[in-house]
Structures are given as structure tokens and as C-alpha cells.
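Visitor: I have a chain open here and some questions about it. Can we go through a few spots?
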Amino acid sequence: MAREDAAPAEGGVLADTLAQARMRNFVGREEELDLFRGALAGGPGAPLVIVVHGPGGIGKSALLQRFAAEAGTAGRRVVTIDACTIEPSPSAFEEAAAEVFTAERPVLLVDSFERYRDMEDWLRDRFLPRLPTGVLVVFAGRLPPAPLWKADLGWSEVLRVLPLKELGPGESAALLATQGADPALHAELLAFAAGNPLALRLAAEVAAHDNDANVVWTPSRTVVEQLLSHVVGDLPSPAHRRALEVCGHALDTTEDLLRAVLPGEDAAELFAWLRQLCFVRSGRFGVYPLDVIRDSLDSDFRWRDPEQYKTMHRTVRRHLVERIHNAPEKEALRATGAYNYIVSRAEWTRKFHGSREESGAYEEPSRPEDADELVAMARSVEGEESARIVAFWLERQPEAFRVHRRYSSGELLGFMAWLRIDALDDEMREADPVVVEAWQCVSAEAPLRQGEHLGVARFMIHPATHHRPSRSWDLVHIRIIFELLRANNCAWSCVVTPRPDFWEPLMTYMDHFRPSGAATDADLGHGLFCHDWRAVRVEEWAEGIDARLLSGPPGRPADEPSTRFRALSRAESDAAVRDALRSWLDPDGLADNPLLRCRLVEAHDADHPVDALREVIGKAIQRLDANPRTRHLHAVLTMTFQSPSTQEAVARRLNMAFSTYRRHLARAVDDVRDRVWQWETQGRVPD
């Protein structure tokens with residue numbers, strides 16, 4: 001839609017044309033305009049002083065210009081003061097505002113009021129009380145008035161404070177229309193600007209010159225730089241810049257997060273500085289910037305210094321993972337949401353998450369009285385077979401179910417289940433073919449060992465947004481990550497998801513692959529995505545996500561990751577330890593031992609795999625010597641396998657009956673096998 005350029009009215013001046021253009025292009029702010037019109041009319045309860053405040057670019061100056069036009073139409077004399085052009089002193093302000101003492105019922109409009117912060121007491125206590133009756137005053141600035149205004153019983157009756165918020169979706173679209181923005185780009189422009197008028201105008205202007213229909217619009221560096229320059233401006237120090245970069249990246253910023261990311265800096269002082277910034281809000285869990293400023297800060301930092309960006313991200317991520325591991329479940333779940341947020345900062349991942357315009361949702365454990373409604377919901381969305389399977393798991397694992405409710409009303413939006421499967425029985429096999437398929441797929445790749453389990457994200461049923469990203473689906477993602485990071489002895493995870501082709505890029509990003517031979521349920525459209533946590537452990541998994549954060553969307557379907565690691569069964573591990581002991585003096589015999597392909601050996605610090613294997617088993621052997629109760633077994637084992645002597649010769653050297661020697665040797669080998677298995681399943685060799 002092209003914009004019609006206005007021509008100056010014949011006989012008029014440029015100011016008239018500018019005023020007309022401002023009226024045409026002004027959108028929204030109906031609540032603020034109604035308040036101002038009521039103040040112009042006067043009457044009981046009408047404010048005499050109005051303070052409008054909000055961050056840069058939110059439209060304060062445009063609103064003052066509209067107030068001036070409204071006052072002029074009402075026949076009121078308008079006196080305007082821009083603090084950017086007037087010296088911030090009482091004498092200069094008195095001179096600029098002198099006309100309000102002589103004009104009849106004037107309106108005084110003061111822009112950039114934050115520059116008068118140091119003389120706010122003088123304005124409140126000395127200047128304003130001397131104004132004639134009938135004067136209406138409007139201050140507009142980035143900061144709210146000092147608390148003393150409201151503490152004064154007199155001012156609390158005649159003062160109105162208006163925090164200026166972002167434009168709503170309809171108002172934002174109307175503003176884009178006045179700027180001539182292509183309607184086909186509105187969705188991308190609205191998603192970026194998040195209702196900030198300056199961001200909308202900057203984005204619309206750039207988009208008008210970049211109309212390649214084959215490219216998804218993203219904010220240019222020019223838009224980001226201009227927005228940050230206008231809203232953020234200069235910063236006090238490098239430490240303040242780093243604190244703001246953390247605030248732009250994390251979901252919520254707290255003092256303890258700043259201490260973790262910026263050791264050696266004064267976290268309390270930096271947090272106090274953040275919370276007083278006009279574009280930073282305080283929430284239940286910390287401070288956070290306005291959406292458009294947050295996104296601009298983060299994209300600018302990532303573009304400007306990719307290596308430092310990754311370093312900061314990793315530190316934030318490790319801080320959150322520590323909280324997830326160690327905090328009580330409710331706090332840990334909140335930390336998981338923050339973790340999911342930072343690993344979703346890549347632009348391409350946004351299509352997999354709910355919109356900011358959606359109402360919020362929360363998760364809670366399902367209650368027994370929810371069961372019938374969950375079964376009915378499954379029936380309405382996926383049919384009778386799905387309802388039957390939901391009913392089965394509600395009876396077998398009711399603790400696995402989480403329901404999602406709307407914050408405002410408590411309305412049930414949907415549910416999911418995280419099933420823990422350590423073995424399949426006949427009832428499971430008959431009840432749920434999808435879980436059976438998941439079990440068969442992972443068993444074919446690397447079977448579970450004793451004490452391990454398979455975690456399955458199942459159902460994920462949301463009638464209003466089924467198969468589509470939403471705020472309630474975001475809760476599903478958070479729950480899955482929570483279970484993965486908090487799990488003990490989870491060998492495999494499987495995500496059973498509808499629309500697998502749609503979700504595949506995100507699953508690849510999260511290092512979950514489609515196992516070979518897995519089918520997709522033709523009726524329900526379900527697909528499987530799996531991860532072997534013994535092959536790629538949590539820390540390595542998280543590092544992989546960090547590495548992919550800057551690389552863009554995956555360019556290929558998710559396949560099984562190539563890995564040389566193998567999760568051995570207990571029997572295989574025991575046999576491999578016995579073979580390693582027998583081949584102790586033969587490097588070629590150790591070269592093909594199955595333990596070489598285990599993470600236990602690979603993670604050990606050695607220059608060569610065979611050397612690493614020797615060190616791991618050597619440590620297990622040394623534990624025999626360290627314990628007085630098994631010290632005699634140490635000599636039996638080392639003399640048997642670390643010397644070329646026969647067993648009979650070793651028994652004679654130890655002065656033991658051969659039967660006693662064989663019994664001690666069996667005990668020694670069993671002890672080493674037990675210890676190696678314990679270390680393998682725990683994922684580390686003690687120092």
C-alpha cells in the first residue's frame with residue numbers, strides 16, 4: 001500500500017502540513033486521549049498534572065504533539081518545552097514557561113522530563129504551586145515521577161501518572177499501514193517490533209526498500225543500531241554493557257545470575273542499575289527488557305562478538321543447569337523454562353514456539369478427578385484408540401501426566417505424559433503399540449542395562465492448538481528438557497510427536513534422531529525421535545546445542561548420529577574386562593576390546609585408547625590393594641595377569657593351595673568387573 005504524499009496547503013506554512021501529517025499517521029492511545037480531553041474540559045476529579053512515562057521510541061513525543069493539537073482545537077493556548085533544548089535549571093525553565101502565568105487557561109507540555117530529574121523537587125514544591133488556576137500541565141519522560149509526588153496527599157488527588165505501553169496488534173498493524181508497509185510483511189514486522197512505535201516505523205522504512213518476496217524479513221543492522229542508539233544510548237562502563245548483554249539474553253536476570261556470569265563485578269550495583277532503566281521491567285523472577293529491546297540487544301551482541309556471545313551463553317546455561325539439577329522441583333522447572341528460552345534464541349527456532357500475544361499457561365500434575373476429562377479430550381482430538389491408551393497409562397502411571405491450564409481462568413488446555421519404561425510386560429504390549437515400537441527401536445540400537453530406563457514423551461494433546469506451536473506446547477518442551485536434565489539412569493529418551501516432518505528440524509537441533517526402521521503411525525501421524533544418553537551425555541548434548549545455536553537451521557533430516565561409542569550390557573562388560581585382563585601383556589589383544597568403544601574409556605585422559613583402557617582397569621585393580629580386606633586379592637590378580645607365569649606357578653609362589661588360589665582369583669576378577677561396571681553406569685572414573 002503506497003502512502004500519499006501530502007502537499008502544503010496553498011497559502012499555509014510547512015508547520016501546517018507537518019501537523020496534518022501527524023494527525024493522519026497517529027494511531028491508538030485512545031485511553032490517554034480520553035484522559036487528556038477530560039482534563040481539558042475540567043470538572044470534578046479531572047487531573048491538573050499528567051505525567052506520561054515510557055522507554056525511548058514508545059511514542060511519548062508523538063502523544064504530546066497530539067495533545068497539543070487537541071488543546072489547540074479546544075481553543076487553549078499551548079506552551080511547549082523540550083528539555084533537550086533548554087538548560088536544566090530553574091531560571092531557564094521559568095523563562096521558557098513564562099507565558100503560562102499570563103495566558104488564559106494555557107496548557108504546558110514538557111518533553112524529555114527525565115532531564116529535569118535533579119530539579120524535580122523544585123518543580124513539585126516551588127514552580128507548580130504558583131501556577132494560576134486553570135493551567136493544565138503534562139510532563140513526558142522516560143522515568144516515572146519520584147515517589148514523593150504520590151506520598152503528598154495533595155498531589156495524589158490532582159496528579160495522574162500514565163505508563164505508556166506498547167501498541168496492541170491492531171494498532172501496530174494500523175501504524176504499519178500508515179507507513180505504506182507491504183501487508184505481506186506485517187507478520188514479520190509485528191513479531192520484531194512487539195508494539196514499539198519507533199521499531200515499527202524503522203522496520204517499515206527498511207522493508208519498503210527490501211521487497212524480495214522470496215526472503216523472510218529480518219531486522220537489518222541499521223534498524224537494530226538506530227533502535228539501540230535511541231533507546232539504550234551510551235553506557236556507564238564495560239561492566240554495565242556486559243550486564244545489559246546478560247539481561248538481553250536471559251529470560252530473567254537476578255543478582256545471582258550476574259555474579260555467575262560476571263565474577264569480580266559488583267552484582268548488586270549492576271542489578272540496581274538494570275532495574276531502574278526505563279526499558280527494563282521487574283517481574284516475579286527478576287528483571288527483563290522490553291521484547292524488542294531484548295531481541296535487538298541479543299542479535300547485536302551475537303553479530304558484534306560471536307565468541308564472547310557464546311562464552312556468555314555457556315556461562316548462563318551452566319548456571320541454569322546447576323539450578324535444574326539441585327533446586328526443588330518447582331524452582332528447577334522455572335530454571336528449565338529459562339534454559340529452554342536461551343537455547344531457543346536462534347531466529348529460525350521461533351516458528352516452533354508460541355506467540356507472545358497468546359495468553360499465558362501453566363503446568364501442574366494431573367489429579368485423579370482430571371482423568372475422565374483427559375480421556376475425553378484424547379477421544380475428541382485423536383479418536384477412541386488414543387482415548388483407550390490414555391486411560392491405560394492413567395491407571396498404570398498416573399504420576400507421569402501433566403496438565404496445562406490457562407493462567408487467567410484455570411481452563412484445561414491440554415496435557416502430556418512422561419512415561420518411564422524399564423521393561424515391557426504383556427499388558428503394555430497389548431495396550432500401546434507406539435511405546436512398543438519405541439522400546440523395539442532402542443533395543444535394536446543399544447538395549448537398556450539393569451537399572452536403566454527409557455523415557456517417553458507421550459500424547460501431548462491440545463485441542464485448540466493440536467499439532468501446532470503454542471504457549472501450552474512450550475510447556476511440553478520445558479517438561480521434556482526438565483526430565484532429561486533431572487533424570488537418573490535414563491538410557492534413552494523418545495519423543496512421540498505428531499507432524500514429525502514439521503518438528504524434525506527442532507528435534508535435530510535438540511539432538512534427537514529418527515531411529516532406523518521406525519515407522520510413523522499412518523492414522524495418528526505420530527513419529528519417533530530418540531537420543532541415547534549413554535553415547536552422548538548431558539554436558540556433551542548441551543555443548544552440541546550451543547555449537548548449533550549460531551549455525552542456523554539443520555539442512556538435512558535427522559539421522560542416527562555417527563558415534564564410535566557403545567553402551568555394553570552387563571554380560572558384555574564383564575566379558576570385556578576378563579578379556580582385557582587376559583590380554584594385559586598383549587597390546588594387539590587389547591586393540592579390539594569392546595571397552596575401547598565405551599564412554600568410560602574414551603573420557604579418560606590418555607594419549608591412546610589402549611593406554612586409557614589399561615589406566616581404567618589399573619585403577620580398579622589398585623582399589624583391591626587399597627582395601628585391607630582385599631589386599632591379598634591384589635597380589636593374586638597382578639601375579640596372574642601381569643606376569644608370564646602359569647596359574648600353577650603363581651599358586652606355588654603365593655604358597656597357596658591351587659583351589660584356594662582359584663577361589664581368590666575369581667573373587668578378584670569379580671571385584672574388578674563390578675567396579676568397572678559401576679564406573680561405566682555412573683559415567684566417570686573416580687580420581
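Guide: One term before we start: contact means heavy atoms within 4.5 Å. Also, this is a predicted model.

Visitor: Fine. Which residues is His 634 in contact with, leaving aside its neighbours within four places in sequence?
Guide: With that exclusion, His 634 touches Ile 621, Gln 622, Leu 624 and Asp 625. His 634 itself is part of helix H29, residues 631-641.

Visitor: Is His 634 buried or exposed?
Guide: Buried: its relative accessible area is 14%, and the cut-off for buried is under 20%.

Visitor: Zooming out, how many helices and strands are in the chain?
Guide: The chain has 31 helices and 13 strands. It runs to 687 residues, of which 50% count as buried.

Visitor: What about contacts across the sequence, what share joins residues at least 24 apart?
Guide: Taking contacts between residues at least 6 apart in sequence, 71% join residues at least 24 apart.

Visitor: Helix packing next. At what angle do H12 and H16 pack?
Guide: About 65 degrees, with the axes 11 Å apart. H12 covers residues 238-249 and H16 covers residues 306-326. The two helices are therefore roughly perpendicular to each other.

Visitor: Left-handed or right-handed crossing?
Guide: The crossing of H12 and H16 is right-handed.

Visitor: Which residues meet there, in H12 and in H16?
Guide: From H12, Glu 245, Val 246 and His 249; from H16, Tyr 309, Met 312 and His 313. By class, the contact of H12 with H16 has three nonpolar, two polar and one charged residues.

Visitor: Different topic. Where is Val 206?
Guide: Val 206 sits in helix H10, residues 197-208. It counts as partly exposed, at 23% relative accessibility.

Visitor: What is Val 206 in contact with, leaving aside neighbours within four places in sequence?
Guide: Ser 220 and Val 223. As for Pro 219, it is 13 residues from Val 206 along the chain, and their C-alpha atoms are separated by 8.3 Å.

Visitor: Is Arg 29 buried or exposed?
Guide: Arg 29 counts as buried, at 7% relative accessibility.

Visitor: And what about Arg 105, what phi does it have?
Guide: Arg 105 has a positive phi of about 45 degrees, and is not a glycine. Its place is in the loop between helix H4 (90-96) and strand E3 (107-111). Arg 105 is partly exposed, with a relative accessible area of 39%.

Visitor: Last one, helix H23. How many of its residues are buried?
Guide: Eight of the 10 residues in H23, which spans residues 500-509, are buried, so the helix is largely enclosed by the rest of the structure. Among them are Phe 502, Trp 503, Leu 506 and Met 507.

Conventions. Residues are numbered from 1 along each chain as its sequence is written. This is a predicted model: local features need pLDDT of at least 70, side-chain atom pairs count only at pLDDT 80 or more; totals for chains, interfaces and linings use all residues. Side-chain values use heavy atoms; hydrogens and water are left out. Axes are lines fitted to C-alpha atoms, for helices over the stretch in contact, and angles run from 0 to 180 degrees between N-to-C directions. Helices (H or I, at least four residues) and strands (E, at least two) are DSSP runs, numbered from the N terminus. Angles under 35 degrees count as roughly parallel, over 145 as roughly antiparallel, 65 to 115 as roughly perpendicular and the rest as oblique. A crossing is left-handed if the near helix is turned anticlockwise from the far one by less than a right angle, and right-handed if clockwise. Ala, Val, Leu, Ile, Met, Phe, Trp, Tyr, Cys and Pro count as nonpolar, Asp, Glu, Lys and Arg as charged, and the others, Gly among them, as polar. Buried means under 20% relative accessible area, exposed over 50%, partly exposed in between (1.4 Å probe, protein chains only).
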